[in-house]
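This report goes through a single protein chain, from its sheets to its helices, core and loops. Please keep the sequence and the model in view while reading.

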Amino acid sequence: MSKEIMECPYCAHTKSSVTNKRDSPDGIRRRRECLKCRKRFTTYEKIEKSDLYVIKKDGRREKFDIKKLEGGVEKALEKRPVSQEQVKKIINEIEETIRKAGKKEIKTSIIGELVMKKLKKTDDIAYVRFASVYRQFKDIKEFKQELREL
């Protein structure tokens with residue numbers, strides 16, 4: 001792991017001290033003071049997520065796209081009494097579960113099951129909406145069977 005040299009934006013001196021550190025939506029925010037000119041500046045440290053690939057049903061590989069996950073979850077929860085914060089929490093928890101598995105590739109079927117599990121706990125209607133598209137019910141019997149299992 002290489003260590004980045006932090007330069008003061010005012011005098012380009014490479015030594016500074018951290019006066020304040022806190023988490024922020026952009027990563028870790030550090031308030032620094034240059035040990036030469038004594039001016040203060042802010043830096044952000046962000047964790048870089050490794051590339052993750054999704055294996056589609058037909059065997060194709062494509063890069064994991066959080067926007068696609070968001071789209072599917074939001075569509076299922078559309079016009080349901082679920083706050084935007086809850087939606088973001090669901091999406092973040094699913095992504096965290098996927099990344100914690102530590103694999104470079106994941107099947108869409110695993111992602112779909114994770115989404116259904118979260119939606120089932122959150123909202124029955126959203127769960128059925130998602131399941132009907134994800135499981136591609138062939139007829140009303142399959143749909144009724146899923147409803148009975150709720």
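## Basis of the model

The model is predicted: local features need pLDDT of at least 70, side-chain atom pairs count only at pLDDT 80 or more, and totals for chains, interfaces and linings use all residues. Residues are numbered from 1 along each chain as its sequence is written, and side-chain values use heavy atoms, with hydrogens and water left out.

## Overall layout

The chain contains five helices and six strands. Helices (H or I, at least four residues) and strands (E, at least two) are DSSP runs, numbered from the N terminus. Read from the N terminus, the order of elements is β-β-β-β-β-α-α-β-α-α-α.

Of the 150 residues, 26% count as buried. Buried means under 20% relative accessible area, exposed means over 50%, and partly exposed lies in between (1.4 Å probe, protein chains only). Among contacts between residues at least 6 apart in sequence, 40% join residues at least 24 apart; a contact here means heavy atoms within 4.5 Å.

## The antiparallel sheet

β1, β2 and β3 form an open sheet in the order β1-β2-β3, with antiparallel pairing. Two strands are taken to pair if DSSP finds at least two bridges between them. β1 (16–24) and β3 stand at the edges with a single partner strand each, so one side of each has no neighbour in the sheet. On average, neighbouring strands of this sheet are turned by 25 degrees against each other, direction ignored. For such angles, axes are lines fitted to C-alpha atoms, for helices over the stretch in contact, and the angles run from 0 to 180 degrees between N-to-C directions.

Six bridges join β2 and β3 in the antiparallel sense, and Arg 29 stands opposite Tyr 44 in β3. The side chain of Arg 30 is joined to that of Glu 45 by a polar contact of 2.7 Å. A polar contact is a pair of N or O atoms within 3.5 Å; within protein, one must be able to donate a hydrogen and the other to accept it, and residues adjacent in sequence count only if both atoms are side-chain atoms. Leaving aside neighbours within four places in sequence, the contacts of Arg 30 include Val 18, Asn 20, Phe 41 and Thr 43.

## The mixed sheet

The other open sheet also has three strands, in the order β5-β4-β6, and its pairing is mixed. β5 (61–63) and β6 (105–107) are the edge strands, each with a single partner, so one side of each is left without a neighbour in the sheet. β4 (residues 53–55) and β6 run parallel and are joined by three bridges. Tyr 53 stands opposite Glu 105 in β6.

In helix α1 (residues 66–76), Leu 69, Val 73 and Ala 76 are buried. These residues cover an arc of only 60 degrees around the axis, which puts them on the same side of α1; the arc is that of the directions from the helix axis to the C-beta atoms. The face of α1 turned away from the buried side carries the exposed residues Lys 67, Lys 68 and Lys 75. Asp 65 caps the N-terminal end of α1, with a side-chain oxygen 3.0 Å from the backbone nitrogen of Lys 67.

The largest nonpolar core has 23 residues, of which Leu 69, Val 73, Leu 77, Ile 111, Val 115 and Leu 119 touch the most other members. Elements giving two or more residues to this core are α1, α2, α3 (108–122) and α4. A nonpolar core is a set of buried Ala, Val, Leu, Ile, Met, Phe, Trp, Tyr and Cys residues joined through side-chain atoms within 4.5 Å. Not counting residues up to four places away in sequence, Leu 77 touches Val 82, Val 87, Ile 90, Leu 119, Asp 123, Ala 126 and Arg 129.

## Loop residues

Arg 38 lies in the loop between β2 (27–34) and β3 (40–45) and has a positive phi of about 70 degrees although it is not a glycine. Lys 79, in the loop between α1 and α2 (84–100), has a positive phi of about 60 degrees and is likewise not a glycine. Lys 79 is exposed, with a relative accessible area of 80%.

Arg 135 is placed in the loop between α4 (124–134) and α5 (140–149). At 35% relative accessibility, Arg 135 counts as partly exposed. The C-alpha atoms of Arg 135 and Gly 112 are separated by 9.1 Å, and these residues are 23 residues apart along the chain.
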